[in-house]
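Hello,

Here is the structure for your set. Please open it next to this email.

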Amino acid sequence: MIVRLLEEEIASCTRCGLHKTRTRAVPGEGNPEAEMVFIGEAPGFFEDQEGRPFVGQAGKLLDELLARVGLSRSKVYILNIVKCRPPQNRDPLPEEINACSPWLTSQLSLLHPRLIITLGRYSLNHFFPSESISKVHGKPRRLENVIYYPMYHPAAALHQARMRQIIEEDFKVLPSVLKSGGKVAENPDQPQQLSLF
Ligand code: URA
């Protein structure tokens, strides 16, 4: 349960200015044995109130998408790049991301997931600073035994039907991304052949 101890430390973090305006820090939650870790951007209003990730509208969509591929919160882990809500949900500042990133590094080294799903550009750019989400979403990349799978942020799908369709399609492939180990299928007849970024 070292992950939980780490989360207790995160809950009282004062490494950047966001601690002054937060209600609660949002360390993350889920199954510490999970193979898949989802990483969002930063808590919003409801997450800040509850101290839990993805409990607002975007979280409801995330729950729905998980259920469609036979998953639930109890089978995965959910984290954010920044653990405290930026005021008025503004974008996190580079210094806030930098101050917070050692927490994420420690969490990932304890969880050691096989598959990291980045949600949105902040999360993608934390791992791959020069990649653009519009080019690489839905494509896995394997680095040192970890598969990275970038997706658009579910919040983007809340008001745009086209974006929702893209996220749903990218989500559908998740189970085969894990099964394939992030490799391109060798059999060209395989229906869900994955292309890498
Ligand atoms: N958006 C995020 O990126 N993370 C949350 O926890 C909630 C909304």
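Below are notes on the ligand site, then on the sheet.

This is a predicted model, where local features need pLDDT of at least 70, side-chain atom pairs count only at pLDDT 80 or more, and totals for chains, interfaces and linings use all residues. Residues are numbered from 1 along each chain as its sequence is written, and side-chain values use heavy atoms, with hydrogens and water left out.

**Ligand site**

Polar contacts are pairs of N or O atoms within 3.5 Å. A polar backbone atom of Glu 41 is 2.7 Å from a ligand oxygen. A polar backbone atom of Ala 42 is 3.1 Å from a ligand nitrogen. Asn 80 places a polar side-chain atom 2.8 Å from a ligand nitrogen. On its own the ligand has 230 Å² of accessible area, and the protein covers 91% of that (Shrake-Rupley method, 1.4 Å probe).

**Sheet**

Six strands form an open sheet with mixed pairing, in the order β1-β3-β2-β4-β6-β5. Strands are DSSP runs (E, at least two residues), and two of them pair if DSSP finds at least two bridges between them. β1 (29–30) and β5 (141–143) are the edges; each has a single partner strand, so one side of each lacks a neighbour in the sheet. β4 (residues 115–119) and β6 (residues 146–151) pair in the parallel sense over five bridges. Opposite Leu 119 stands Met 151 in β6.

Regards

Technical notes:
Polar contact = N/O pair within 3.5 Å; in protein donor to acceptor, adjacent residues only side chain to side chain. Helix = DSSP H or I, 4+ residues; strand = E, 2+ residues; numbered from the N terminus.
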